[in-house]
Each structure stands twice: as C-alpha cells, then as structure tokens.
Amino acid sequence: MRFVAFSPLLSIALLLGVLGLIIVAYSLKPKRRQVAISSLAIWGKVLRQHKALVSRWRWLLSLLLACAIGGVMALALSRPEVPAIGAISKRVVLILDNSPSMAARTRDGNSRWLHALFDARRLIAQLGSASEVMVLDTMGRAPLAGFVTPQNAWRQLEKLSVATAGTARLPEVPRGGGNLQVHVFSDGVGVPEAPVGARVHSAFETAFNLSLSAFETRSHASDATKIEGLLQVFNPTQMTAKAVVTITGPQHATSRTLEIAPGESATQSIDLSHAQAGIYRAELKADGDALVTDNVAYSVVAPHRTQALLLVTQGNAFLEDSLRSLPGVQLTTVKPIGYRQEARFDAYVFDRFSPDALPAAGTLLLGADARMGRAGGEATVTRWDSAHPVASGVSWHDLRIHNAVLSNATNEHAIVRAALDGKIGNDAALIAIGEDATGKAGARWIRVGFALHQTNFHLQPGFPVFLGQAVHWLTRGSEAMVRHIGGITIPLQDVALVDTEGESLTSVATADGTLFQAMRPGVYTATAAGREWQIVANVLDPAYGQINRSQWRARSENRATQLGGLYLARSELWTLLLCVAALLLMLEWFTLTRKLTL
C-alpha cells in the first residue's frame, strides 16, 4: 500500500493517533450520580449485575463503531492506493483525436470531444494504480511526458482541448509487446484509420452542419467607389437547408436568407457601396447547426471615396481623357513647371517627367526615368505577375514597345518583365512597384519604363483597365492579407500583434518574417515601424464543414452515461472509504436510537 497525500510513516501515525484518541476518550469514566432508593438488597444485587453486563457490551460496540469510523476517515485523508493483488501491471496508450470536427455537437447537447473524454476517463478509472498510461493526441498538443500514473494521465486529459485549425495525424505508438494496449478515441473524420491492433472508441454521430465557404468585399471592377460583398454558404448534408447570414460593420447591418440544395453552395452578392470603411463580420445561423467555428467570417472594406488625382504632363490629351473617365476620380492637370506637392491630392501621375523627390502619396511614373539602370531600346514582354492587382486583366503579350528603359534594381518588385532587342534570356523590370520609405507612411509608387507615344498600349482595350487598377492600388494603402486560421507567417519583423478584440498575441520571429497562431476567425492587426497591416483569418474551406465523412460505427446510444458525472466515475479508494465512513455513521445512529450503544 502507498499513500498519495502523506508519507507512509505519517499516514500510519495519523491512523494510530486517531484510534488512540478514541480509545482514551471511551476509557474516561463519567462521574457517578448518587441516587437514594428503598432497601431491596437481594433484588438490587441481581439488578446491578445484570445492568453491568449489558452496559459492558454496549460500551464495547460503541467503541468498535467509533474506531471504525475514525480509522476509515483517517485512511481517506491519507488517500491510500492498493495495487490489484496478483494483477499484472498494464501499459496503456490513449490516443485522443482533437481535430476540429470533434467540436461538433451531438444530439444530447454535448460535443463529440466530451464523449471521447468521458470514455477515456472511464477507462483510466478502471485501471489499477500500478498501471502506466501514455496520453497522445492527433494535433500534437499533448506534452511528451511518456508513461505516467493513471492519476497524472487524468490531469493531462484535463489540459487537452479541441483544435480549431490544422491537419490531424496519428502519433507514433511506442513498442510494448503483448502487454501494451492502444485505445483510440475519435469520430473517424480527421483520422479515418486507427493503428493496427488498437481498440477504437467511436465518438461519431451524424450531425447537421452548414458552413460559410466564402465572404469577401471588393471594389467593383468598373467603379472603385462601389463595394460589392460576396457570400457563399456550403451545404454538405443530404437535405435542402435554409440559413440566415447577417453582415455587420461600422453602423451597418444587413441579412440574407439562403436556401441551399444538398451538396451544393449558394452564392449571394450584396451592395456595400454606402457602408463605411472598416471591419465587417458575417455570421451564419441555421437551426440545429452542430459546428459553430465555420459559421463566422470576416472581411475588411477599404475606403472608397472619390480620389483627387494630379496629372503632371506637357500635354497628353489621350492620357488626360482616360484618367478623367475613371469612376471615382477627380482629375487636376498641370505642366511640369507648375508642379508642387499638395496634401489635397491622393495620388500623382507623372507623364515623361520625374520629380526630384517622390511625393508623400501614391505615384505613377510613365516614361523614361533617369534613375533606371539600362539603356533604351525595342522591348518584348516576356512575363508578368498575373496575381498582382495592377498587372492582372491585361494582354501584355500584345504590347509593342519601340523604346523602353528597363531596371535591375533589387529593391523593386517587377510585375511586368521585358527583354531588349529580342534577348529573351536577359529580361528585366519593365513595370515595377515599391514603396518610398522616406515618404509619409511609406507611399506606394509604380514605375513604367516607357512613354505612351512609344507604344501601342494606349490603343489596347487593357489600357483603361491598367490605369484604373493602378490608381486603385496607389490610393488604397496596404491591402488586408487573407489567410486560413492556424499558423500564419507575415513578411514583417519586429511586429506587435493584436486580435479583433485588441488582445495582444504571442509571435515568433522566423527567417521569413513573423509567425503567430490565429486560433479563431477574425481580423488581426500587425504594427511595425509605425505602420499597420491587417490580416484576415477565416475558415472558408468547404472540407472543414464536412463533419460526417466518417466510416466508423456511430457511438452507442443506449448506454446510460451522464457527462455531468465524469469526475464521479473515477472511483479512487479514498472516495470509497468516505462512503464506508458514511455508512458506519448511519449504523451508529441506528444502534443509538435502538439503545444498542451508549
């Protein structure tokens, strides 16, 4: 026998001390009371002998009951553990699946995860104290503590929780021969298979679920002042379902009701042109939805007011008309001799003119720039970054350039590259973008290595598209980065991070930037060098909401288990001793009321 609360010597001393105090207390005789009676000498002697014999047995029974109660309670305080006599010590490995699907609610209102925990704890409660238990999980959150006592394994289970992101995988199981038992507690969605020879405890139960598979806000392609919201709801079930999606933002709220066919997605477009710039939240509500993590998504609406634009040129009627025709743009034109920087302009366009210093606002440079690094010549476009918002939507291979100046500057990002005089293997930046760190808030700029009159660009249908996208990119500041929840790396160093509620987050510096964990959907703000970047983290993955993709047998519904009694299911010896003490107290009360004890 070993004791958890005290050392063996102290536990035995406590037991003997309690028993000694009880015996001493019962040995103390109360003061006799003198009572005068009439003389019945013979019958009085017989009566005295009879009462003495009965009182002695009553005193002895009382002493035994008091010693039993005191001894049992003293043992309970010391929390003894007695290994099973003649039993072989077991080594048990518990693998708990804490992938996101385990958060799905079951019909009794609890989650699959709670049912898995209940089964694991019930198994631990059946083990002897000499057994060894290893707790593992599929998301790598359990500490690598090796084999521990059942009591410590119970504590490790209390620290585990369901992950909101990530890919589940079965952990490596140690070798243990025939004495090792492996138990897997899962719904079979994140980990469809179990290790060979393992016993499966299924937590799976078919559940209804809808999920937001898309939510984004963007400027309209033909008018930058118009904002369009796009919603998409996915229905992975086998029945038609209805859902209400509510979008809320700064002084704005709107709702849409969607009906989604089985296995299909429903898409809804919402006009947010009159909505203020800021963070917007979409929330899906459907009766009986079992998983809430995929019901919320966020997006950021950028400022979409009319932009004041200054064109500096010696004269270019076609460029001026093209800029003036852009929606949401108020154009002012001046000659280079009259140029000066003014705070009222949101962006500048320089046509065949380069100022001594870039203005503290978005800047588009058209034409040869003396700061470029190569001689001019006929150029052929070789490649472009179709994912960048400035270069997308334009047929660059149709561009003919009679004279261009290319750049090899390493501090620039080339979105369109070209080669001079047909030397395809030696291309460089034809159109480059960047930020001027000396400008106020680090203003963006776009440098185009050719003038319009030296190309056919202004005759192409993609020219107004390029101008609109360029002005939009220059005047919108830093775009919000869209990522999936989980581990997110942003290309910034020395960053302070906060979540949607303004709570600080812990981050780790890496070779690629800064890594942090987005555990739930939201808009996270990164601050570095006096500037702010917003990172939108959402689920928005149709596979995430498919919580019924399991081949495992559904958990038994006829077992009478109450999850509220999880801790009572773990019957340690000290709890049983307290129950025995309570029964002995009831027995003493019964004997006292029947005058069987003193």
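How many of the six residues of strand β4 (residues 132-137) are buried? Five of them are, so β4 is largely enclosed by the rest of the structure. Buried here means under 20% relative accessible area, with exposed over 50% and partly exposed in between (1.4 Å probe, protein chains only). Helices (H or I, at least four residues) and strands (E, at least two) are DSSP runs, numbered from the N terminus.

The model is predicted: local features need pLDDT of at least 70, side-chain atom pairs count only at pLDDT 80 or more, and totals for chains, interfaces and linings use all residues. Residues are numbered from 1 along each chain as its sequence is written, and side-chain values use heavy atoms, with hydrogens and water left out.

Strand β4 runs parallel to β3 (residues 91-96), and six bridges join the two; strands pair if DSSP finds at least two bridges between them. Within this pairing, V92 is opposite V133 of β4.

Turning to the helices, the axes of α3 (residues 112-125) and α4 (residues 150-159) come within 10 Å and cross at roughly 170 degrees. That makes the two helices roughly antiparallel, a label for angles over 145 degrees. From α3, the residues L117, A120, R121 and I124 meet P150, A153, W154, L157 and E158 of α4, contact meaning heavy atoms within 4.5 Å. By class, this contact has seven nonpolar, no polar and two charged residues.

Finally, D346 lies in the loop between β15 (329-334) and β16 (347-351). D346 is buried, at a relative accessible area of 19%. Not counting residues up to four places away in sequence, D346 touches R305, T306, Q307, A308, A361, G362 and T475.

Technical notes:
Axes fitted to C-alpha atoms, helices over the stretch in contact; angles between N-to-C directions. Parallel < 35°, antiparallel > 145°, perpendicular 65-115°, else oblique. Nonpolar A, V, L, I, M, F, W, Y, C, P; charged D, E, K, R; others polar.
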